[in-house]
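Hi there,

Here is the structure I promised to pass on to you.

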Amino acid sequence: MNEITYRKIVVERFGGAEAMKTVEATLGEPPPGHARIRVLAAGVGFTDLMARSGDYLLQRKVPFTPGYELVGEIVDFNTDDSPPAWLAPGARVAVALTKMGAYSEYVSLPLWQLVPLPEGLDPRLAATVPLDHLTALSVLETHGRVEAGDAVLIQGASGGVGQALSRLGGLRGLRMYGTASAPGGEELLARHGVTFIDYRRQDFETVLRKLEPAGVDAVFDHIGGPGLRKAYRVLAPGGVLVSYAFAGRPGHMVADTVRGAMRVKLMNLRPGRRTALSMVPSEIKGDRKGYRERLGRLLDMAARGEITPRIGSVYPLMRAAEVHTALERREITGKAVLVTDR
Ligand SMILES: NC(=O)c1ccc[n+]([C@@H]2O[C@H](COP(=O)([O-])OP(=O)(O)OC[C@H]3O[C@@H](n4cnc5c(N)ncnc54)[C@H](OP(=O)(O)O)[C@@H]3O)[C@@H](O)[C@H]2O)c1
C-alpha cells in the first residue's frame, strides 16, 4: 500500500488561533474518481477564522482542517474514464473546496474539482483566486446580473471578496462605490476605480442619495443587520441587493445568517426590487461544470495579468495560527497565503 505520511493543521476545539494544532496523518491510494495532491499553497480567508471559532453557518465539526482554496501538484489519480490530456502526475491544479481542508501538505480530492493551472502562473498568486473571485463572480453574474455603466455599492470593498468584486466590477465597466475603514482604504479603493465611503464617519445612504439620486443598480453586502434595510432603500427601481454573508456581529454569525437569509427572502417578495443570496460552496456542488468554467476563466485572467490579487503575507503552513492572529489584529492587508515547505 502506497501510503503518504504528511502533516496538516487541525482545529481541535472551537476558539482562538491557539486551538489550531499540527498533526501527522496518512493518505492511502486515491479511491475511484479521486486524485492525491501535494499542496503547494493555500489561501486564507475570513471564513476560516469564523469556522475556527465555531461561528460559521456551514460549520465543520471538530476536529477539522480549515481552508477553502489551494493550489497543488497531482501525485497520482484513479479513474476508469479516459482522463483529459492535462491530467497527469506533476500537473498543477487549483481547487475551491466545498468542505474546507486546504491547510494540509496533501489532500485527496474528486477529479471533477480540479482545474488546471495556466502555464507560468505563480501558485501563491493562484491560491488567492478561487474563493474570493468565485464569490465575486457569483455575486456579479449569477445573482447581480449587472451590466456596464451600472452603479453599485460594494460593502467592505477593502476585504478579500470586496477587492475581487472591485477588480471584476472594474473590468465590467461598473460605476462603483465602496465602504471601508482600514488605513490606506481610500488609495486601495481608488486603485480599483471605486469611490471611497468611510463607514465609520459617513452614512452610505446619505452619501449615495447625493451622488446617485436615482439610486444604485446593485448593493453587494456581507454585513447584514440594520444596514440591509438602508441598502434596499438606496436601490433604484429594478435594482438588486445581493447578500453573501451576515457577518456584522462576530460571535452571532450563525443566528444572524439564518435570520438575515430569511429577511432577505421576505424582502424579495416586495415588488420593484430584487434580493438574492450567494452561497458559493453549494453553488459549486450544484453546478460542477459552471464551477470549472469560472475558475478556469479566473485563472486565465490572473495569468494574463488582468486580475492581480495582492498577496499581503506568505507564511509556512505550520504557522497558520500566527496568520490567524495577525489577521485578527488587522496586521495583514491583502490576502494571506500558506505555503508548504517540503
Ligand atoms: N457567500 C459565500 O459563499 C462566501 C464566500 C466567501 C466569503 N464569504 C463571507 O464574506 C465575508 C467577507 O469575507 P472576506 O474574506 O472578504 O473578509 P475580509 O477580507 O475580512 O473583509 C471584510 C471587510 O468587511 C469590511 N467591514 C467590516 N465592518 C464593516 C461595516 N460595518 N460596513 C462595511 N464594511 C465593513 C472590512 O473593511 P475595513 O477593514 O476597511 O474596515 C473588510 O474590508 C465573510 O463573512 C465570509 O465568510 C462568503
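Predicted model: local features only at pLDDT ≥ 70, side-chain atom pairs only at ≥ 80, totals over all residues.

**Around the ligand**

The ligand is surrounded by 26 residues, and the closest are Ser158, Ser181, Tyr199, Tyr244 and Val280. Residues are numbered from 1 along each chain as its sequence is written, and side-chain values use heavy atoms, with hydrogens and water left out.

By class, the shell has 14 nonpolar, eleven polar and one charged residues. Here Ala, Val, Leu, Ile, Met, Phe, Trp, Tyr, Cys and Pro count as nonpolar, Asp, Glu, Lys and Arg as charged, and the others, Gly among them, as polar.

Some polar contacts to look at (pairs of N or O atoms within 3.5 Å):

- Tyrosine 199 has a polar side-chain atom 2.5 Å from a ligand oxygen atom.
- Tyrosine 244 places a backbone N or O atom 2.7 Å from a ligand nitrogen atom.
- Glycine 156 has a backbone N or O atom 3.4 Å from a nitrogen atom of the ligand.

On its own the ligand has 950 Å² of accessible area (Shrake-Rupley method, 1.4 Å probe), and the protein covers 82% of that area.

Which element gives the most to this shell? It is α1, with three residues. At least two residues each come from α1 (46-52), α3 (130-144), α4 (160-171), β9 (175-180) and α9 (280-286). Helices (H or I, at least four residues) and strands (E, at least two) are DSSP runs, numbered from the N terminus.

**The two domains**

The chain is assigned domain 1 (4-128 + 309-339) and domain 2 (132-281), with bounds from an automatic or database domain assignment. Each of these domains gives at least three residues to the ligand shell. Their C-alpha centres lie 28 Å apart, and 15 residues of domain 1 are in contact with 20 of domain 2 (heavy atoms within 4.5 Å).

Between them the domains bury about 1300 Å², 60% of it on carbon and sulfur atoms; this is the accessible area (1.4 Å probe) lost on being put together, summed over both parts. Asp55, Leu57 and Arg310 supply 39% of what domain 1 buries against domain 2, more than any other three residues.

**Two backbone details**

Valine 62 and proline 63 are joined by a cis peptide bond, with omega about -5 degrees. Proline 63 sits in the loop between α1 and β4 (69-78).

Best wishes

Note on methods:
Near = heavy atom within 4 Å. Polar contact = N/O pair within 3.5 Å; in protein donor to acceptor, adjacent residues only side chain to side chain. Buried area = accessible area lost by both parts, 1.4 Å probe.
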